[in-house]
Amino acid sequence: MRITLALILSIIVAVGLVAFGFTFYQISIERTRLLKDLDMETRHVSDQIYQDDPLFFDKLDRSNIDHIADSLRIRYNLTGIAVYYGNDSILTNKQNSELGSYSLKYIPGATAAGTSFSSVINISGRKIFQLIEPVNKREKSINAVVFYADTKFIESSIRRIWFRNFIRWFIQAFLVSIVTILIIRWGIFNQMTKIVMWAKALRTGNTEQLAQKSPLKFLDPLHKEIEHIAKAMREAKATAEEEARLRTSAEAIWTPERLKVEVEILLEDKKMIVVSNREPYMHIHDGKEVRCIVPASGMITAMEPILKACSGLWIASGTGDADRETVDKNDKVQVPPEEPRYTLKRLWLTKEEEDHFYYGFSNEGLWPLCHIAHTRPVFRIDDWNQYKKVNENFAAVVLKETADVEQPFILIQDFHFALLPELIKKEKPNARVAIFWHIPWPNPESFGICPWQREILQGMLGADLIGFHTQYHCNHFLETVSGALESRVIWENFSVKMGGQTTLVKPFPISIAFTLKDYDIRSKKIKPTELLADYGLRAQYLGIGVDRIDYTKGILEKFLSIERFLEKNPSSVGKFTFVQIGAPSRTHLKSYADMVTAVENEANRINLRFKAKNWKAILLLKRHHSHKEIEPFYSSADFCMVTSLHDGMNLVAKEFIAARSRNDGVLILSRFAGASGELQGAIIINPYDIEKSADAIKLALEMSAEEQSERMKQMRLIVVRNNIYSWAADLLRTMATFNH
Ligand code: F6P
């Protein structure tokens with residue numbers, strides 16, 4: 001209010017000063033003009049009198065001057081007249097007798113110069129105009145005649161000007177003040193209130209208030225700026241909160257270093273042995289060179305970082321064509337090749353063993369048996385016999401490698417070695433044995449079709465611990481045991497007692513090597529066209545899929561949903577490309593070879609159907625890709641699509657999330673993958689429902705940046721908190737609790 005008052009007073013003073021200045025100027029001009037008029041009129045009167053009667057002044061004397069002055073006042077509005085005879089003798093009419101003496105000092109000058117002279121004389125506050133006319137040509141001794149006129153009318157005219165200008169100044173000041181008050185109130189105070197409201201909304205995060213714009217256009221840039229600040233503040237706050245959350249839980253987040261220490265405490269001098277069929281490093285011939293590659297396998301993605309962190313021995317089948325050349329005399333090689341951290345011991349399978357154990361019983365029997373993907377399992381006695389034999393071979397090697405260790409920790413991986421726990425335990429009861437089943441466990445009815453289900457269950461129950469990805473798989477396993485074996489299933493703690501052995505059955509959702517350090521690495525976002533440049537293609541949006549070419553992965557269903565998406569959204573033709581990285585796998589099996597052909601044919605068919613220059617709907621990259629090659633697609637694609645028809649966990653989903661350091665991108669995830677239980681921020685789909693999967697693609701491409709970020713942050717937090725190091729620690733801690 002004070003500001004308004006001060007402003008109004010300033011306006012009044014300023015307008016007043018201007019009005020005063022102008023009035024003063026106007027008055028001085030008016031005064032000069034009126035005096036000039038008076039002067040001219042008086043001269044005119046003088047001339048008129050002379051013209052009317054040239055002897056008028058000669059007739060003047062004491063007897064008639066009063067009479068003449070009266071007639072002049074009446075005729076010409078003159079106040080009086082005086083006649084000067086020289087020698088300071090002056091005759092005036094009676095009413096103005098004192099005027100003459102005032103004029104005396106001017107007359108000699110005028111008569112001497114011979115020109116008329118006019119001025120205003122001040123007589124006791126009364127201003128009188130005098131015009132002195134020298135008349136020396138007269139016969140009488142009259143030297144000059146003085147005419148007097150009252151200037152009262154000039155003063156009243158000046159007063160009128162003052163008065164009018166004062167009223168004008170008052171009205172102007174009043175109006176300007178009113179307008180100023182209105183401008184201040186509506187134009188400034190109201191807008192200031194709005195700005196204060198924005199600032200408050202900025203502080204409190206009230207986005208609704210912040211969205212209220214001002215009708216005044218000139219505030220638009222400020223509003224926009226405040227909105228930017230709000231957005232930046234929201235992002236900074238979210239980041240800070242996220243960092244704080246991470247920091248609070250930093251101690252709970254596992255790192256390779258922490259796992260190493262934990263393993264040293266848990267194992268003391270005991271040995272850790274990992275057994276799997278697939279080896280973590282495979283040496284292959286590439287021309288004349290020998291190349292070392294990491295096979296496409298979720299099990300390896302998960303287990304390799306653990307061995308790297310804690311050392312130990314990994315026993316696996318040597319399947320690379322240069323594997324034999326790279327091992328020592330004990331069939332061992334130190335890996336990773338560039339920075340050895342642990343020992344890989346290779347076992348050599350004969351062709352027969354590989355055909356029956358690996359391709360036969362493992363991949364044509366157990367694999368389709370455990371995955372409900374509508375591919376019929378095949379059970380052959382020869383496959384089963386070789387399966388038993390290879391399990392025995394591996395058991396022998398494990399026992400040999402642990403001969404001098406009292407209580408080794410043996411971590412058996414996957415469905416290839418269901419019999420191994422019992423075989424090891426029979427010979428080495430003190431060994432702590434765990435088997436982790438990387439694939440789903442079906443319902444008891446489904447598993448029950450396996451002719452050797454009892455042997456498999458019995459073999460597995462030799463372990464102290466059986467791990468699955470989900471509780472759901474554990475329950476299926478326990479139900480299967482309960483229906484198939486003479487055993488006691490203790491549902492209270494999810495364990496099985498059989499003979500003298502107790503086996504704990506527990507979920508351990510597997511993960512990837514994603515730590516806080518990786519969390520902070522900001523990856524570069526590459527434009528789709530740049531990513532596709534090597535293939536001569538262009539696109540504005542990218543989807544990515546990374547799978548082994550396997551009938552359980554739903555690749556054909558994925559392609560159908562892409563086709564349906566393009567059908568429903570023709571504007572995306574020429575703009576959206578789906579990159580499917582597909583690693584051929586188990587191609588000796590007809591079902592897998594057929595799947596490769598089917599995937600290729602389907603991609604070609606869809607690509608032929610939708611055509612645009614330098615563009616493809618589906619880019620199928622059918623070969624093994626290293627993680628380094630996949631990484632740019634993971635970190636830059638608009639979405640990743642995982643369409644497993646049935647899957648244990650699916651680590652591709654987690655790898656994609658780990659790569660999204662900018663918290664953007666969308667994960668479309670099959671509800672039949674174990675990961676869907678943890679990654680709630682994904683768009684969860686049923687891959688058999690092509691229509692809904694197509695809509696999920698649209699949803700992913702149109703999802704706002706805010707929603708993407710919210711979902712992605714939540715999933716990244718889950719993955720970093722439940723990384724592979726925490727998985728291993730949990731598993732090993734559980735193993736360490738068993739009393740032998
Ligand atoms: O999911 C089971 C699994 O063993 C995974 O570890 C891996 O992704 C896949 O199968 C690899 O199969 P293979 O070793 O037969 O290529």
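User: Let's start with D39: is it buried or exposed?
Analyst: Keeping in mind that this is a predicted model, D39 is buried, because its relative accessible area is 13%, and under 20% is what counts as buried.

User: What does D39 form a salt bridge with?
Analyst: D39 pairs with R43, and the closest N and O atoms of the two are 2.6 Å apart. Both residues belong to helix α1, which covers residues 2–52, and they sit four residues apart, about one turn of the helix. R43 counts as partly exposed, with 24% relative accessibility.

User: How many salt bridges does the structure hold?
Analyst: There are 44 salt bridges in the structure. One of them joins the side chains of E304 and K308, at 3.7 Å from N to O.

User: How many residues apart are E304 and K308 in helix α9?
Analyst: They are four residues apart in helix α9, which means that about one helical turn separates E304 from K308. E304 counts as buried at 8% relative accessibility, whereas K308 counts as partly exposed at 31%.

User: And which residue does E691 form a salt bridge with?
Analyst: The partner of E691 is K568, with 2.8 Å between the closest N and O atoms. This pair links distant parts of the chain, since E691 is in helix α22 (residues 690–702) and K568 is in helix α18 (residues 555–568), 123 residues apart. E691 counts as partly exposed at 34% relative accessibility, and K568 is likewise partly exposed at 34%.

User: Which residues do salt bridges that share partners join into one network there?
Analyst: The network consists of E563, R564, E567, K568, E602, R605, R609, E691 and D695, joined by salt bridges that share partners.

User: Switching topic, which residues surround the ligand?
Analyst: Around the ligand are R278, S297, G298, M299, Y358, W367, D414, I439, R548 and R586. Sorted by class, this shell has four nonpolar, two polar and four charged residues.

User: What lies 3.0 Å from an oxygen atom of the ligand?
Analyst: A polar side-chain atom of R278 lies at that distance from a ligand oxygen. On the backbone side, a polar atom of G298 is 3.0 Å from an oxygen atom of the ligand, and a polar backbone atom of M299 is also 3.0 Å from a ligand oxygen.

User: How much of the ligand does the protein bury?
Analyst: The ligand taken alone exposes 390 Å², and the protein buries 91% of that. The elements that contribute two or more residues to the shell around the ligand are α9 (298–310) and α10 (351–370).

User: OK, what about E262, where is it found?
Analyst: E262 is found in helix α8, which spans residues 256–267, and at 16% relative accessibility E262 counts as buried. Its side chain makes a polar contact of 2.7 Å with the side chain of R733.

User: Last one: which residues form a nonpolar patch on the surface?
Analyst: The patch is formed by F163, F166, I167, F170, I171, F174, L175, I178, L182 and W186, and together they have about 1,000 Å² of accessible area. I178 is found in helix α5, which runs over residues 152–204, and I178 is partly exposed, with a relative accessible area of 35%.

User: Why does I178 count as partly exposed?
Analyst: With a relative accessible area of 35%, I178 is partly exposed, because buried means under 20%, exposed means over 50%, and partly exposed is in between.

Definitions and conventions:
Residues numbered from 1 in each chain as written. Predicted model: local features only at pLDDT ≥ 70, side-chain atom pairs only at ≥ 80, totals over all residues. Heavy atoms only, no water. Patch = residues over 30% accessible without salt bridge, like charges linked within 9 Å, V, L, I, M, F, W, Y side chains within 5 Å. Areas by Shrake-Rupley, 256 points an atom, 1.4 Å probe, with all protein chains shown as cover. Salt bridge = Lys/Arg side-chain N within 4 Å of Asp/Glu carboxyl O. Buried < 20%, exposed > 50% of the residue type's maximum accessible area, 1.4 Å probe, protein only. Near = heavy atom within 4 Å. Polar contact = N/O pair within 3.5 Å; in protein donor to acceptor, adjacent residues only side chain to side chain. Nonpolar A, V, L, I, M, F, W, Y, C, P; charged D, E, K, R; others polar.
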